[in-house]
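I'll jot down what I look up as I go.

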Amino acid sequence: LDSMRAERDDALKKATAAESALQSRTATYDAAVRKAETDDRERQTQLDSMRTERDDAVKKATAAESALQSRTATYDAVVKKADTVDRERQTQLDSMRAERDDALKKATAAESALQ
């Protein structure tokens, strides 16, 4: 009976030691899981922040591109108007030169006829 009690006590000690080791390992794994979850949340927060920054940058770039296109359209319209005005003035200048040349020819012909 004493021998059986001794075996039982040894088995109980071994089981208690195994349970203690298991609890220690479980606590270590639980801590590792909590750490991994915390790291994951931090990475997710950083990722969300980076996505927000990217979205803001895209919005700003889109607005800048739109403003540039608007300004370009305005400048193109101004240049087109200036070209039109320039062509009209050139046409008027050519017409005035032609009138002057005709008047000069007539004056020369009249002077010739008087002589």
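I started with aspartate 101, which is partly exposed, with a relative accessible area of 34%. Its salt-bridge partner is arginine 100, with the closest N and O atoms 3.1 Å apart. I looked up that arginine too: arginine 100 counts as exposed at 52% relative accessibility. A reminder to myself that this is a predicted model.

Next I turned to arginine 54. I found a salt bridge to aspartate 55, with 3.0 Å between the closest N and O atoms. Arginine 54 is partly exposed at 49% relative accessibility, and aspartate 55 is partly exposed as well, at 35%.

Then I checked lysine 35, whose side chain meets that of aspartate 39 in a salt bridge, 3.0 Å from N to O. Where do lysine 35 and aspartate 39 lie? Both are in helix α1, residues 2-114, and they sit four residues apart, about one turn of the helix. Searching the whole structure gave me seven salt bridges.

I zoomed out after that. The protein chain has one helix and zero strands. Its C-alpha trace spans about 165 × 15 × 10 Å along the principal axes. The radius of gyration is 49 Å, while a compact globule of 115 residues would be near 13 Å.

Last, the surface and the charges. The chain exposes about 10500 Å², and carbon and sulfur atoms supply 56% of that. I noted 22 positive and 24 negative side chains, with the centres of the two sets 1 Å apart.

Conventions. Residues numbered from 1 in each chain as written. Predicted model: local features only at pLDDT ≥ 70, side-chain atom pairs only at ≥ 80, totals over all residues. Heavy atoms only, no water. Helix = DSSP H or I, 4+ residues; strand = E, 2+ residues; numbered from the N terminus. Rg over C-alpha atoms; globule rule 2.2 N^0.38 Å. Areas by Shrake-Rupley, 256 points an atom, 1.4 Å probe, with all protein chains shown as cover. Lys, Arg positive; Asp, Glu negative; His and termini not counted. Charge placed at Lys NZ, Arg CZ, Asp CG, Glu CD. Salt bridge = Lys/Arg side-chain N within 4 Å of Asp/Glu carboxyl O. Buried < 20%, exposed > 50% of the residue type's maximum accessible area, 1.4 Å probe, protein only.
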